[in-house]
Amino acid sequence: MSQHFDALETRAPEVREAALMAALPAQVAHAKAHAPAFAELLRDVDAANVNSRAALAQLPVIRKYELLERQKAARATGGNVFGGFSTLGFGQGMTRVFASPGTIYEPEGTRADYWRMARTMFAAGFRPGELIHNCFSYHFTPAGSMMETGAHALGCTVFPGGIGQTEQQVSAMAELQPAGYIGTPSFLKIIIEKAAEMGVALPSVRKALVSGEAFPPSLRDWMTAHGVDAYQCYATADVGLIAYETAAREGLVLDEGVIVEIVRPGTGDPVPEGEVGELVITTLNPDYPLIRFGTGDLSAILPGTCPTGRTGLRIKGWMGRADQTTKIRGMFVHPGQVAEIVKRFPEVSKARLVVTGEMANDQMALHVETDRLTDDALKTRVSEAVRDVTKLRGEVHLVAQGSLANDGKVIEDARSYQ
């Protein structure tokens, strides 16, 4: 049996890129024509010209808080519950509606494997004809349905375990003998520990697909020591599968149905390959055609391709949150403001605002990477820009190129809260 889900995974990278860019103009045109929010946001955009990453990078990034604000505004006036981002209405084309914290509502259409999860299940070792014990929630949020529809597309049967009721989960696993588990890693650990406490063996559970939480190597090794080969995937309620782990365990391979950019937090500007930034997703889903959707999550592109033969780009995985908005002396400072300061100075390539001190005694310093380390005039001009943009005074430190940490942080809150 093939070790790959389909031929898309092993396409030449240039073939994949050409296919994605060829699909992009039609998706933008479709969004403008059928999703009122994008008709407004992209009203001056000629969809036919959005046929490259450079052109895509010129479009606005839609961040989750903006999606939420538009949904709330529309609902307050009896308008579209999806804020004009969905091309579907209630009825035969929409099977379910889900709610994520906020509250943000997401539609589910009728296509098989709507969230594209079968691919990551295959990479985690699941195969047609198996029973999967699904412990993602079936209540409000789409995670349970995401996994179930993917399992059905793969040809698997699902036990909808959901969350909680740990003893009953153990009993069902012992009696039904599923091939593996799908859910959060922490709940799988709880189930394994409860089974040991109950003296119940779970010999069939030898593989798992986990998501929804961080999955550090220490926990992965703990799973392995208890006989479970667990893999992770990265997905969101808005766009479905984004990236998935393979047997190589070298980062996460991007799904075939999304276009991924890594941008500097607070901006829409793509960063160089390898630099940590915010994941921005353009989905090819015609029902919920999110164009340049800012996930708020940090990651970075890995060089090369996966040793398993999959040729898609890889990301390092989840590396934290991009929204680093911080209150300093009673004023909110946003990553976008730091980016605005940097753009004013061609001599500056990168910056990091470090906040220190104690509550009510905040101090801030902007560290800027430049080749002009002894240019006092530059330091003065940057200081003036800091005050102009943030309305706050702060020190400026000129630092060598490449000296700032590659961790995606634009604002570092190093204050003492004790």
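Author: Strand 13 contributes the most to the lining of the second largest pocket, giving three residues, where strands (E, at least two residues) and helices (H or I, at least four) are DSSP runs numbered from the N terminus. The model is predicted, so local features need pLDDT of at least 70 and side-chain atom pairs pLDDT 80 or more, while totals for chains, interfaces and linings use all residues. Residues are numbered from 1 along each chain as its sequence is written, and side-chain values use heavy atoms, without hydrogens or water.

This second largest pocket has a volume of about 360 Å³, the space filled by probe spheres set on grid points joined across faces, edges and corners. A pocket is an open set of points on a 1 Å grid over the protein atoms alone, with protein on both sides within 12 Å along at least five of seven lines; a cavity is a set where a 1.4 Å probe fits but cannot get out, and lining residues have an atom within 4 Å of a point.

Of the 17 residues that line the second largest pocket, Arg63, Tyr65, Glu278, Asp323 and Thr325 are nearest to its centre. Besides strand 13, helix 4 (64-76) and helix 10 (335-343) each supply at least two lining residues. The lining comprises four nonpolar, eight polar and five charged residues, with Ala, Val, Leu, Ile, Met, Phe, Trp, Tyr, Cys and Pro counted as nonpolar, Asp, Glu, Lys and Arg as charged, and the others, Gly among them, as polar. Domain 1 (13-320) and domain 2 (326-413) each provide at least three residues of this lining, the bounds coming from an automatic or database domain assignment.

The largest pocket, by comparison, holds about 1200 Å³ of space. Ser211, Gly212, Glu213, Tyr234 and Ala235 are the closest to its centre among the 41 residues that line it, and two or more lining residues come from each of strand 3 (104-109), helix 6 (143-154), helix 9 (217-225), strand 8 (229-236) and strand 13 (293-299). Strand 8 gives the most here, with five residues, and the lining as a whole has 20 nonpolar, 11 polar and 10 charged residues.
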